[in-house]
Structures are given as C-alpha cells and as structure tokens.
Amino acid sequence: MMLTWGSKFSFGIGFGALFGAVVMGLVTGGDFVGVISSGYKGGVGDHIAYGILIFIGLAMIVVGVVTTIARDGDPEELTQRTGISSVSAVTPPAFPSYWAPLSAFGVVALIVGVALSPAFIILGVIALAVVALEWCIQAWADHASGDAEVNEVMRQRLIGPVELPLLSTLAIAAVVIGSSRVLLAVSKTGSVVVACVAAALIFGTIILLSRVEVSRRIMTGIVAIFAVAVLAGGIVGAAAGERDFHHVDEAGEH
Amino acid sequence: MSDISIREIVPAALAPATPNRPRLLVIGTALASAAVIVGFGSLLSFYVRTRALWLASDSGTWLPSGVNIPLTQPNMMAITLVFSLITVVWAVASMKSDDRSNTYIAVGLSIMFGFAYIAQTAYLLSLMGLPIAGDDAGRAPLFFAVIGSHLAITGAAMAYLAIMGIRSLGGNYNAKDVEGLYGAAMFWFVTVALYFAMWYAIYITK
C-alpha cells in the first residue's frame, strides 16, 4: 500500500520523535538498554523529555495509520474505497452553534468543582448533560434534509419546548452558584455592595439593549462575557473560601 | 397522542441532505486521540520523574508508610478493559453487517465494562487509603491527578461510545457508514492503551 503525503509526514514526525527520545535519553544520562526498553532495565535519562518524545512519537504514528487508511481524504480514492459515486464537499453549518463553548464551560466548571467546591461539579454535570442532548439533536437536524431552514424548524419543533426551560435552568444555576461564591467570600458589607453593583449593571445593560438595535453577534458576545465573569468570580470566590460567620446561640448571643 | 409529526414538518419534495464526507470524524478523532496521548503521557512522565527524584534523594519509600498498592485490582481492571476491546470491535463488526441488535448489546456491554473499570478504581483507591491532604511532598495529589485524568478520559470515551450508539439507534449509521462507531472504537483503544502505560508506571513499578 502506497503511503500518502499526509501519512509520510505523520510517520516522519513519529519515528523522528522516537529517535529523538533515544538520543535525548542517552545525552541526559540514560544507558542504552534502559532507553531502548523504556526504562524496564536501566535509566532513561531525563524522564519528562524522554516521556514526552515517546508519546509524541506514538501519537503521530496513530495519526499516520489513520491518514493512511483515510488516504488523506483524497476524493478519487475515497469514492473507490467507499463505493459512493462522488465525495461531497464539507458543508459548513448554516447557523452558529454554541454547544462547543458551552461544553468548555461545563468542563471548566467540573475541573474547578473537583478542586474547590461540589457546587461547581453539579453545575458542570448539568451543563455537559444539556450540551450532549442539544448537540445530538443539532447533529441529527443538520442532516435531516437538504434545506437548512427546514432543518432548523425541525430542530426547534423537537427540542424547542424543553430548550428554553433547560437553558434557563442552567443559566440560573450558573448565576446562583457563581455569584453566591463571591457573596460568601467578601465581607458582609462587601456582599451588599457587590450585589447592588451587579444588579445595577445587569439592569443598566438590559435597559441599554432594549433601546438600541443590537446584532445577534454582539448579544452573544455580551452573554459570553457575562458567563465568563460569573464563572471567574465564582472560581476566585470559591478559592478564597467563605468568610467567618458568627452563629447565634440559644441565648441570642453572638 | 400528538398530531404533530416530523413527516408533517418536512415536505416530501425537499432535497435529501448532502451526505457526509467520508472519514472526517475518524480523522478528527485521530487528532483528538493524539492530543490525549501526548497530554496524558506528559503527566505520566512528570509522575515518573518526581518519583525518581524522590527515590534518588534517599527520602524513604515513594509510597507513604501504611499505604500499599495491591495488584489484584489493577490486573482485574486491565482484564476488564481487554474484554471491552472485544465488545467494541464486536459493535463495529455487527454494525458493518447491519446487525443493529448485536450493535446495541455490544455498545451496552462496552459501557458496562467502562463503569466496572471506574468502580474498581474507586475500590482500589479506598483500599489504598492514601490521604490526599497533608502530604507535603505532593505525592498524593500527583497520584490522584494521574488516575483521575485517566478516569476522565475513560468517561469521555464512554460518552463518545454512548452518543454514537444513540445515533446508530436513530439510524445515522448503517453497514455502509460506520464512521461514528469507528471513531468511538479508536478512542476506546487509545484509552485502554493509556491505561496499560499507567498500569506499568504506577501500579507495577510503584
């Protein structure tokens, strides 16, 4: 089987990285048997440099094998191998999809939650579950017919009744969890100030947006900035920890 | 019963959807797999280097006193994941034969093996009793970071396989187009290969 250009490139980098790992191991104090046997017998020198080069080599060999099988996506070869009459061009999505950034939000919330607060774990799991559902339906609807408008109508008819409640619940959960971490971290007076400023900002932004013509892109950007601000504030607040609360005992004393 | 159906929404005269370009998902998965291999490999290399520096400094054993890594669970986890490789290949092969029933059984079994692996990891961690807090040397956080990363990769592989199973159920894939399952199977193989790297570096060489 002839190797394609893409696979030659990948295999070249892969075997080059493996060779580089051997050289790196030897020049950083490893012995030959250790370097060849990945440390089974003897040292490999600098573990990090050696390890990264080994894994880059393996990763690029995986990519090389796949590009060989896929024949670099060459349309003529693909038609012969898959038995289809012609290979269609890649069609860009007709409408913007926000599921990728939302899934990134969910993953970040999950990671932060593992380190800082269980509340963020719940938020991350909910976000990823919603994204999985929405993205599946989006993928199905995008290929339901040859008309992008009809596809969007189909998607709306299928997920529309639950989409708004789902996304609203997610947004409310994100705001509540994120802002509550901030309010719990700052002082008692500070929390009142932060809440007032945040409320004024939201109110002012909504008033402003209602009076001017704003494109969908700008609106999306504002929502994205707000989401990042809530998440960042929540992370900082959770990392700082809650302030000391004075509990009232039965006698009414602090 | 609702009187709204998809058939009413889509006029019969509509043009059929443009078929997907072949191999796109497989190539995308290969690139994602390469990123995962390098990322996880770097973390594992860092773990091995930290352990080597610790041992070279004569600071005592790598594992804190009272902590032991039994071999039974890691070996059973390895066997479980090898079984899952068979079921993943079974899923792809049955879809290539348009045998959907076997595809669903195989996908379900593969995900079940994934859950079994996660459960065994949790049991192993509870047996080891390695406290994550109070370890000034940072050994425990590093240990949990490597194992936790692999659990996250396994979770992603399970989600990928589950979504492709659902899409197969929805009719997106058939004997002529098994790309989604191919991609999920490839990522599953990478996940299992990374487990064996971790198995050797952490559980065997300790």
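Q: Where in chain A is T220(A) placed?
A: In this predicted model, T220(A) sits in helix α9 of chain A, which covers residues 216–240.

Q: Why is T220(A) called partly exposed?
A: T220(A) has 13 other C-beta atoms within 10 Å. A buried residue needs 20 or more, and an exposed one has 12 or fewer. The count for T220(A) falls in between, so T220(A) is partly exposed.

Q: What separates the C-alpha atoms of T220(A) and A195(A)?
A: These C-alpha atoms are 24 Å apart, and the two residues are 25 residues apart along the chain.

Q: What makes I172(A) count as exposed?
A: I172(A) belongs to helix α7 of chain A, residues 148–185. I172(A) has 10 C-beta neighbours inside 10 Å. Exposed means 12 or fewer, so I172(A) counts as exposed.

Q: How far is the C-alpha atom of I172(A) from that of F32(A)?
A: The separation is 60 Å, for residues 140 apart along the chain.

Q: Why are α2(B) and α5(B) called roughly antiparallel?
A: Their axes come within 10 Å and cross at roughly 160 degrees. Angles over 145 degrees count as roughly antiparallel. The pair is therefore roughly antiparallel. The crossing of α2(B) past α5(B) is left-handed.

Q: Which residues of α2(B) and α5(B) meet?
A: From α2(B) come V36(B), F40(B), L43(B), L44(B), Y47(B) and T50(B). They meet L142(B), A145(B), V146(B), S149(B), H150(B) and I153(B) of α5(B). By class, this contact has 9 nonpolar, 3 polar and no charged residues.

Q: What makes α2(B) and α6(B) roughly parallel?
A: The axes of α2(B) and α6(B) cross at roughly 10 degrees and come within 9 Å. Angles under 35 degrees count as roughly parallel, so this pair is roughly parallel. Among the residues of α2(B) in this contact are L25(B), V26(B) and T29(B), while those of α6(B) include E179(B), G180(B) and Y182(B). The contact divides into 17 nonpolar, 4 polar and 1 charged residues.

Q: How do you know that α3(B) is roughly antiparallel to α4(B)?
A: The axes of α3(B) and α4(B) come within 8 Å and cross at roughly 165 degrees. That is over the limit of 145 degrees, so α3(B) is roughly antiparallel to α4(B). Their crossing is left-handed. The contact of α3(B) with α4(B) has 18 nonpolar, 11 polar and no charged residues.

Q: How many residues does each chain bring to the contact of chain B with chain A?
A: Chain B brings 35 residues and chain A brings 35 residues. On the side of chain B, α1 (6–9), α2 (24–56) and α5 (139–169) each supply at least two residues. The most come from α2(B), with 17 residues. That side of chain B divides into 25 nonpolar, 7 polar and 3 charged residues.

Q: Which residues touch the most other members of the largest nonpolar core?
A: They are A59(A), V62(A), I37(B) and L181(B), in a core of 59 residues. Elements giving two or more residues to this core include α1 (5–27) and α3 (47–69) of chain A, and α2 and α6 (179–204) of chain B. A separate second core has 15 residues, including A127(A), V131(A), V230(A) and L231(A).

Q: What does V62(A) contact, leaving aside neighbours within four places in sequence?
A: V62(A) is in contact with A30(B), S33(B), A34(B) and I37(B).

Conventions:
Residues numbered from 1 in each chain as written. Chains lettered and ligands numbered in written order. Predicted model: local features only at pLDDT ≥ 70, side-chain atom pairs only at ≥ 80, totals over all residues. Contact = placed C-beta atoms within 7 Å. Helix = DSSP H or I, 4+ residues; strand = E, 2+ residues; numbered from the N terminus. Nonpolar A, V, L, I, M, F, W, Y, C, P; charged D, E, K, R; others polar. Core = buried A, V, L, I, M, F, W, Y, C linked by C-beta atoms within 7 Å. Axes fitted to C-alpha atoms, helices over the stretch in contact; angles between N-to-C directions. Parallel < 35°, antiparallel > 145°, perpendicular 65-115°, else oblique. Left-handed = near helix turned anticlockwise from the far one by under 90°.
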